[in-house]
Amino acid sequence: MRTRTALVAAAAALAALTAGCSSGDGGGQKAGDPVSLKFLSLAWQKESIAANKAIVDEWNKANPGIRVEYVQGSWDNVNDQLVTSFEAGDPPDVIHDDSPALAGFASRGYLLDLAGKLPADLKSDIPQAAWDTVTFGDGKGGQGVYGVPFLQESQVIIANKKLLDAAGVRIPTPDDPWTWDEFAKISKKLTKGDSFGVAWPLKSPVNKVLNLGLNFGGTFFQTDGAKATVKVGPEEREVLRRIHDQLYKDRSADPSALGMGTADPLPGFYAGKYAMLPAGVYLRQQVAEQAPSGFEWVTIPPLKGTGSDQGATSQTLSVAADSKYPDQAAKFISFFLNGANQARLAKGDWLLPTSAKAAADPSMTTKENGWDVATASAKNLVVAPYLKVNGFDEWKSKVATPTLQQYFANKITLDEAAKTLVDEGNKVLERYNK
């Protein structure tokens, strides 16, 4: 979902996962003793860690017979570390991860199918589009639900309000968003002298492009059963071409920002060099906390193409298949991710709750720091097509990332980029389709 800072050293995280991280073999459990569960959390922001720990404490006070121990993990190399603990038969009972990791774990039998373990009120509170991000094949021809999705990210635009107002630009609403054509015209209008209408930080371009591609129905993949092939047709080309046009035709986007990470353009944004930054909703936190005194900014809703869909992945909680207490673990997850708690977790991470009850919480609908616009953008989220593609990670790293970087740097044409993405990409996916 985003680049995360490690909270603990990899060695420490590995030790936590392998040194008795599950609830044990149950052999020493005495009648009347509380059940002990390990909860591996990957929360990393101060507010998020505090919210996670507070909810665990509340659970433990209300459920003395099922004790949950909070284990602090790190997003850095967590999946490699989890494989080690899975193979050793000693994983955490409750696992925080994200949906792209679940498919492989599910197919290898590491995770419990939660389809029959969750209460009806939790299932109905989370929309099907979010459940789709955690529903995968079990490696035996069936489908299962291998996590509970609870946080998601949408792509919005963070804009300098004073510059927009000075140019007489309409501030859009979730019910009346900008189209991509409007966005292009406004970007040109806001480009003056050494200042640009927009900065596109595309150091890691793939997920952003693929998620935004759905604005025009671009999926980039087509599937036939478990077999996937790369597709770059007219729909997929729309977002690619429009970003490229801003860079080299309209010259409303700064080419020097291409090699930047998401937050790198912020100093220039504060200084007025860029009027707008397309970014994930979480970037609002840095703007709220770091912007100079008096700096006015606004959150612009997702753009509209032929539609407004965006690809989404989810942060998730899963239960290890080797947990000795799967029912208790599922019960804890149901408490941890109820509507009120999801609102707390979303505020701590500056992301979007999947819970409809959480999305209606006043803290999620306030105009302060653009929460109303951010929360409304969740309606545009659908499962990212690449979540269902075996071999996506290799295609992304070996083919898509260098190809898109070359295209956005104007070193190859759109036709050349499309051909490489398809031809070289399908060579990669063929190995996974067998």
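Colleague: Leaving aside neighbours within four places in sequence, which residues is Glu 87 in contact with?
Modeller: In this predicted model, Glu 87 is in contact with Arg 108 and Tyr 110, once neighbours within four places in sequence are set aside.

Colleague: And where is Glu 87 found?
Modeller: Glu 87 is part of helix α3, which covers residues 78–87.

Colleague: Let's stay with Tyr 110. How many residues apart in sequence are Glu 87 and Tyr 110?
Modeller: They are 23 residues apart in sequence, and their C-alpha atoms are 8.7 Å apart in space. The side chains of Glu 87 and Tyr 110 are also joined by a polar contact of 2.2 Å.

Colleague: Is Glu 87 buried or exposed?
Modeller: Glu 87 counts as exposed because its relative accessibility is 54%, and the cut-off for exposed is over 50%.

Colleague: Okay, new topic: Lys 208. Where does Lys 208 lie?
Modeller: Lys 208 sits in helix α9, made of residues 206–213. Lys 208 is buried, yet it has no salt bridge.

Colleague: Which side chain of opposite charge is nearest to Lys 208?
Modeller: That is Glu 153, and it is 6.4 Å away. A salt bridge would need the charged atoms within 4 Å.

Colleague: What does the side chain of Lys 208 make a polar contact with?
Modeller: The partner is the side chain of Gln 155, at 2.7 Å. Not counting residues up to four places away in sequence, Lys 208 touches Gln 155, Trp 200, Pro 201, Leu 202, Pro 278 and Ala 279.

Colleague: Now the strands. What order do the strands have in the open sheet of 4?
Modeller: The order is β8-β11-β7-β12, and the pairing is mixed. At the edges are β8 (196–198) and β12 (297–300), each of which pairs on one side only. On average, neighbouring strands of this sheet are turned by 25° against each other, ignoring direction.

Colleague: How many bridges join β7 to β11?
Modeller: There are 5 bridges between β7 (residues 155–160) and β11 (residues 274–280), and these two strands run antiparallel. One of the pairs is Ala 159 with its bridge partner Met 276 in β11.

Colleague: Last one: how many residues of β1 are buried?
Modeller: In strand β1 (residues 35–41), 6 of the 7 residues are buried, which leaves the strand mostly covered. Strand β1 runs parallel to β2 (residues 66–72), and 7 bridges join the two.

Colleague: Which residue in β2 does Leu 37 stand opposite?
Modeller: Leu 37 stands opposite Val 68.

Conventions. Residues are numbered from 1 along each chain as its sequence is written. This is a predicted model: local features need pLDDT of at least 70, side-chain atom pairs count only at pLDDT 80 or more; totals for chains, interfaces and linings use all residues. Side-chain values use heavy atoms; hydrogens and water are left out. Buried means under 20% relative accessible area, exposed over 50%, partly exposed in between (1.4 Å probe, protein chains only). Contact means heavy atoms within 4.5 Å. A polar contact is a pair of N or O atoms within 3.5 Å; within protein, one must be able to donate a hydrogen and the other to accept it, and residues adjacent in sequence count only if both atoms are side-chain atoms. Two strands pair if DSSP finds at least two bridges between them. Axes are lines fitted to C-alpha atoms, for helices over the stretch in contact, and angles run from 0 to 180 degrees between N-to-C directions. Lys and Arg count as positive and Asp and Glu as negative; His and the chain ends are not counted.
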